[in-house]
Amino acid sequence: MRFLPNKTSKGMIMKVRVHVMLKDGVLDPQGEAVRHALGALGFDGVGSVRQGKVIEMDLADGTSEATVGEMCEKLLANTVIESYRIEVL
Amino acid sequence: MKAAVIVFPGSNCDRDLAVAFEKAGLQVQMVWHKDTELPAGIDLVGIPGGFSFGDYLRCGAIAANAPIVNAVKAHADRGGYALGICNGFQVLTETGLLPGALLRNAGLKYICRTVGLRAEGASIFTEGYGRGTEIALPIAHHDGNYFADEATLDMLEADDRVAFRYTDNPNGSARDIAGVLSANRRVLGMMPHPERASDAAHGNEDGARLFAHLAGALTAA
């Protein structure tokens with residue numbers, strides 16, 4: 001494992017952002033509530049709203065995308081209901 | 001017969017579950033989440049309701065990776081019995097011991113009231129009621145909306161693994177499912193709280209029947 005959480009000196013970390021969303025076909029009642037609220041505020045034409053979460057991590061430089069994928073599969077996302085996308089910043 | 005009740009930071013039904021187990025005649029030991037082994041000779045593991053780890057990330061997600069959970073998985077793999085109630089059900093789905101997941105309630109509200117249930121899937125947990133018997137148990141959850149893909153739901157129904165169904169679906173759960181069994185029928189996860197209906201002072205003793213039958217059957221086994 002190349003994950004070194006204490007290395008924070010400049011140049012030694014990489015920033016990774018993980019986007020977690022409910023899968024298509026999984027009801028998102030919170031997104032629905034936001035859609036209704038936008039309609040109530042007078043914003044027309046809001047067809048659908050999906051709400052997810054964004055997780056930002058400082059990782060040791062060079063941490064492989066496969067390792068980040070493992071983090072997603074084991075903890076950050078529940079792949080029964082959620083999909084994830086990894087973005088290296 | 002010996003039961004363990006797992007305690008996570010944020011568990012709040014652990015004592016109630018222990019009292020219900022004891023009342024049914026089980027010997028109970030509380031087990032802290034940082035322990036790596038269950039006490040010797042445990043027949044049944046109870047995973048209580050509450051808000052383990054503050055429901056951070058997803059309900060049950062952090063607890064599912066706590067040290068004791070590996071021991072609970074090994075216990076289940078050996079054919080041991082386990083009962084997860086409410087947050088305990090969420091933990092069991094997060095570990096993969098039970099299929100599916102619990103989503104936010106369809107109506108977005110936290111629901112705390114007594115609901116009607118029908119006992120179904122054959123198991124040590126439901127035999128005390130008999131198939132088709134209607135009972136009432138309290139629910140108290142924000143994320144109890146059972147979800148699984150269609151193929152999984154079909155499989156659960158075909159294999160008679162739906163232990164309880166809501167008679168009047170309160171939270172949007174797929175096919176009115178309130179509790180599901182593992183493939184070997186020895187692990188049950190359910191959102192309703194039988195331990196909150198297990199004493200005359202609760203005004204409802206429908207839950208006590210679950211524990212009484214469970215303890216009796218374990219003793220006979």
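Visitor: Which residues are buried in helix α2 of chain B?

Guide: Happy to take you there. Please keep in mind that this is a predicted model. Helix α2 of chain B runs over residues 67-77, and its buried residues are B:Ile68, B:Val69, B:Ala71, B:Val72, B:His75 and B:Ala76. Around the helix axis they cover an arc of only 155 degrees, so they sit on the same side of α2(B). Turn to the other side of α2(B) and you will find B:Pro67, B:Ala74 and B:Asp77, which are exposed.

What do the buried residues of α2(B) pack against? Their partners in chain B are the strands β1 (2-7), β2 (27-32), β3 (44-47), β4 (81-85) and β11 (187-190), together with helix α3 (87-95).

Now look at the two ends of the helix. B:Leu57 is partly exposed, because 17 other C-beta atoms lie within 10 Å. Just after α2(B) comes B:Gly79, with a positive phi of about 95 degrees.

Two of the partners of α2(B), β4 and α3, are among the elements its buried residues pack against, and the loop between β4 and α3 of chain B holds B:Cys86. B:Cys86 counts as buried, because it has 30 C-beta neighbours inside 10 Å. Setting aside residues up to four places away in sequence, B:Cys86 touches B:Cys13, B:Gly49, B:Ala140, B:His141, B:Met191 and B:His193.

There is also a record to consult here. An unreviewed UniProt entry places the feature "active site" at B:Cys86, B:His193 and B:Glu195. They span 110 residues in sequence, but no two of their C-alpha atoms are more than 10.9 Å apart, so they gather at one spot.

One of them, B:Glu195, belongs to the loop between β11 and α5 (206-220) of chain B. B:Glu195 is buried, since 30 other C-beta atoms lie within 10 Å. Apart from neighbours within four places in sequence, B:Glu195 is in contact with B:Cys13, B:Asp16, B:Leu17, B:Ala20, B:Ile85 and B:Gly207.

Note on methods:
Residues numbered from 1 in each chain as written. Chains lettered and ligands numbered in written order. Predicted model: local features only at pLDDT ≥ 70, side-chain atom pairs only at ≥ 80, totals over all residues. Buried ≥ 20, exposed ≤ 12 C-beta atoms within 10 Å, placed from the backbone. Helix = DSSP H or I, 4+ residues; strand = E, 2+ residues; numbered from the N terminus. Arc of directions from axis to C-beta. Contact = placed C-beta atoms within 7 Å. UniProt positions renumbered as here; feature names shortened; annotations may be inferred.
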